[in-house]
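Biologist: I have a complex here that I'd like to go through chain by chain. Could you start with a bit of strand pairing and then move on to the helices?

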Amino acid sequence: MDNVVELKNLKVTFVAKQSFLKELLMKEQPLVRAVDGVNVTIKKGEILSLVGESGSGKTTLGKAILNLVDIADGEILFQNQVVNFHHKQEVRRFRQKAQVIFQDPYQSLNPKSLIIDIVAEPLEVNRLIKTEAERNERVMKALHDAGLDPPERYLYRYPYELSGGQRQRVAIASALILNPEFIVADEPVSMLDVSIRTGILKLLVELKESKGLTFLFITHDLSLAWLISDRIAIMYLGKIMEIGESDTVIKQAVHPYTQALLEVMPIPEVNRHRQRKVLSGETPNPTNIPAGCRFHPRCPHAFDRCREEEPVLQAARSNHLAACHLIEKETSQENSHD
Amino acid sequence: MSSIDGVMRRKKLKRFWNGFKNNRMATTGAVILVFFSVAAVIGPVLFPYNPMEFGTVETILQPPSTTYYLGTDNLGRDIFRNLLSGARISLMVGILATLISMFLGTSIGIMSGYFGKTIDSVLMRVTDFFLVIPWLPLVLVLVAILGSSVWIIILVIGLTSWAGTARVVRSQTLSVKERPFIERARAIGADHSTIMMHHILPNVFPLVFANTILVTAVAIISETTLSFLGLGDPTRPSWGMMLHYAFQSGAASSGAYWFFLPPGLCVVLVVLGFTFLGYAFDEILNPKLRRR
Amino acid sequence: MKLLRVENLKTYFHISEGIVKAVDDVSFSLDDGQCLGLVGESGCGKTTTALSINRLLPPEGIIEGGEIYLESVKLTVLSDVEIRKHRWKDVSMVFQGAMNAMNPVMKIGEQIAEAVVWHQQVTHQQAWNRAKELFELVELEPGRIGGYPHEFSGGMKQRAMIAMALACDPKLVIGDEPTTALDVMVQAQILNLLDRLRKTLKMGLIIITHDLSILGETCDRIAVMYAGKIVEIGSTEDVYDRHMHPYTHRLLMGFPNIHRPKLMPEPIPGSPPDLIRPPSGCRFHPRCDYAQEICQEQEPGMTTAGNGHSYACHFGGAFNG
């Protein structure tokens, strides 16, 4: 299968905001390592879910792929070619192929623009249409593809006149109008009600199937990731902890962090007597990433090696990688038993 | 489709009109300004006035009568006719100077807020300069150097009154540019000018619009001040110029109230009209700013 | 005696566009030490119900009918001054935006102590000691009591909010989306904490949420609201496993369950109704797959299915085939 996007050792850093006094006293401002060396490939026609808690860097990673934040290090390959973000024409061509859907449909549409202008904007900024009729036709098709039928009813309305689900569909229509190859969907349903949420998720899966679109689906909800995606990547403090087929990651999770997430995943079942193992504490601040394995201070299985050496992604089984020393420990134990 | 468009527009307009209708400040201001606009447009056509045409000894400083509705000035010119043509000058200077000021204030404010960093620092230092510099001496010097034609006055007032607008627009731009639809526009591939024109401007416009009307009031006072000090254009006597002549000829002490009272009242009313309208628009267009 | 009884509560909002029937004939009750989950989508009236109990409604919101009893006290007839004695002391709330509900320039401990001083005749030192106790109760490090809100993480702030709610030993705590802005791990911690606290302190707990999937471990009973009405109420088991209302069914289907086969749920068609002009008959009928003529004409009453489980549907359980 072809790779649509390939990330090689991608890093994004920010300068941490500090209080005025601290800024005066300290010469060097601490760096936030939001994305700290990520290697991922996204294959053509798949939905890859990127799952993580707040502060994991998942949104920053999505933005970095689309060049909405600057990359500190590493490379992004799009359709097997390195994207040179200093080359204006190249960036422009790339942006026509790679689109984004944001989390908050109440905030991501310009309140002063009509729906028709919002959806047509990608065509206009890239100067891709000549006539008014062509513009209308393409906008109507995009709205239809996003499930807004009949499209005429929506063209001359303002975002505030639509419901949250309809707005998110407008955002999707605008992402579809250039016939992109790849879409980053950043928590597209987290602001929506449950009854509306499923409609949007269904639409994404349908678009993948009918148009062969590739999605990076960013979410904090492991159950949604399991539902719609082909593969799942788990992110913690700027690094991928585990990646594999969605069923394998959910049913045979290897990394203790993934296991912990699964443990606390809400499920509509009566679990009153089930004793959950809930990790204490919260994700630490990314200015101060622990040495060795970044998860070791919260890990129930941590041993000496975890405190010293950072594990790399390694195969737990075919198509299933995890960054954990336990994998080697277990294999070596099995070997010694033989 | 255009009919739906029309319906939406009408709906919006209706909402605005309802807010406007029920706002007493807005209606008062509008009535005053409509009255003076009509007077300024058709007045000089019905009652033409030539400031170079002086009267005779008999017609100097006549009190109001059926021939001269508001009397005559110290050179025997009809004050009523002078008032009408003065309305034209005062309103024109006010509005044109405001347009220049708004254009400068809005574009400098948006660029400063949008680009940030060095551009912001440079533009804001220039803005600070215009904010703190004593306005009158600067204008006096400028007009003295450049001459006192009405166009120069418009330009000078426009160039010196944009700083406040720029400050307001900049702070609004700073908050608008952080909203996700700006990031979406960037993701689509929109360039800086598209983002500023299509996404930021429409969202700062309501604020600018109300401010514009208030700036017009200030511009009219500025023009009046300059003319009163004798820096006006003598070939196009505005209300300020009339007050200048009245003051020079000692009209106040000689009891010729008809000489200085009409232009004075007109200035007060027009400025009041613009101020009322400006505050009212601010309330209607930016309701959140007021209620909170 | 029941701790809380809400009977035929009607809370309407009078706005310029008309009257919004946000809560329309809602009844439920709560025993001592029991936990009720009040669940529904945005605009269904769940928060309005909670604010009606504490009479914290905005000026447009008026209780038009029905009664609310806290033990034997009829809260709905109390004057504004009298209700203030019960607010926080008897019924306290934990809000969603813990980050915004705190004064950023005041020590967390001071803010908790303040809540104590307002309602009890104690000295500042006693209040501070009480704040320390509460800190321990919600499992916050005692050393952090002098810290400021910005030094606290989201989960810690929510714990501090809970401490504040417990300041006066309330009989009933209402959590309005208490975990919504939090990560799953912290959400689980907070839910565990609330569960433990209500058992040890023997207080009533109402959890208001849009997320039906988080209630399984904490709640004894669940009430599902739609368009200002309770459409189904019963024990957690009944609502999860033996629910009868099509809306409950659809809502539950919206939460993928990894222990069951992977099925893409069908979305609920249409959008929530306008509560100024709610649909005739059953309010859910325009979006319901099983609606028939009677559903348009006649509003369904509550049908009892035994064991305190009841639902408002003409064709309860129709989705079971």
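Modeller: Keep in mind that this is a predicted model. In chain C, strand β1 (residues 4-15) and strand β2 (residues 18-30) pair in the antiparallel sense, with nine bridges between them.

Biologist: How many residues lie between β1(C) and β2(C)?

Modeller: Two residues, and the strands form a hairpin.

Biologist: Which residue in β2(C) does V6(C) stand opposite?

Modeller: V6(C) is across from F28(C).

Biologist: Switching to chain B. How many helices and strands does chain B have?

Modeller: Chain B has 12 helices and zero strands. Its C-alpha trace spans about 75 × 45 × 35 Å along the principal axes.

Biologist: What share of chain B is buried?

Modeller: Of the 292 residues in chain B, 42% are buried. As for contacts in chain B with a separation of 6 or more, 71% are between residues 24 or more positions apart.

Biologist: What does UniProt say about chain B?

Modeller: An unreviewed UniProt entry places "domain: ABC transmembrane type-1" at residues 87-278 of chain B. In the model that span is 83% helix and 0% strand, and its end C-alpha atoms lie 20 Å apart.

Biologist: And which residues of chain B are listed under "transmembrane region"?

Modeller: UniProt, again in an unreviewed entry, lists residues 89-110, 122-145, 151-169, 200-221 and 257-281 of chain B. Residues 257-281 of chain B are 100% helix, with end C-alpha atoms 36 Å apart. Residues 122-145 of chain B are 92% helix and 0% strand, and there the end C-alpha atoms lie 27 Å apart.

Biologist: Let's take one helix. What should helix α7 of chain B span, going by its residues?

Modeller: Helix α7(B) has 14 residues, 163-176, so at 1.5 Å a residue it should span 20 Å. The end C-alpha atoms of α7(B) are 20 Å apart, which agrees.

Biologist: Which residues of α7(B) are buried?

Modeller: The buried ones are A163(B), T165(B), A166(B), V169(B), R170(B), Q172(B), T173(B) and V176(B).

Biologist: What do the buried residues of α7(B) pack against?

Modeller: They pack against three helices of chain B: α3 (79-115), α4 (117-132) and α9 (192-228).

Biologist: On to the interfaces. How many residues does the contact take from chain B and from chain A?

Modeller: That contact takes 18 residues from chain B and 22 residues from chain A. On the chain B side, α1 (2-21), α8 (180-188) and α9 are the elements that give two or more residues. Helix α8(B) gives the largest share, seven residues. By class, the chain B side has nine nonpolar, four polar and five charged residues.

Biologist: Which chains share the most contacts?

Modeller: Chains A and C, of the two pairs of chains in contact. The contact between chains A and C takes 35 residues from chain A and 36 residues from chain C. On the chain A side, α8 (194-211), α9 (222-228) and α11 (256-264) of chain A each supply at least two residues. The chain A side divides into 17 nonpolar, nine polar and nine charged residues.

Biologist: That leaves chains B and C. How far apart are their closest C-alpha atoms?

Modeller: The closest C-alpha atoms of chain B and chain C lie 13 Å apart, and no contact joins the two chains.

Definitions and conventions
Residues numbered from 1 in each chain as written. Chains lettered and ligands numbered in written order. Predicted model: local features only at pLDDT ≥ 70, side-chain atom pairs only at ≥ 80, totals over all residues. Helix = DSSP H or I, 4+ residues; strand = E, 2+ residues; numbered from the N terminus. Expected span 1.5 Å × (residues − 1). Buried ≥ 20, exposed ≤ 12 C-beta atoms within 10 Å, placed from the backbone. Contact = placed C-beta atoms within 7 Å. Nonpolar A, V, L, I, M, F, W, Y, C, P; charged D, E, K, R; others polar. UniProt positions renumbered as here; feature names shortened; annotations may be inferred. Pairing = 2+ DSSP bridges.
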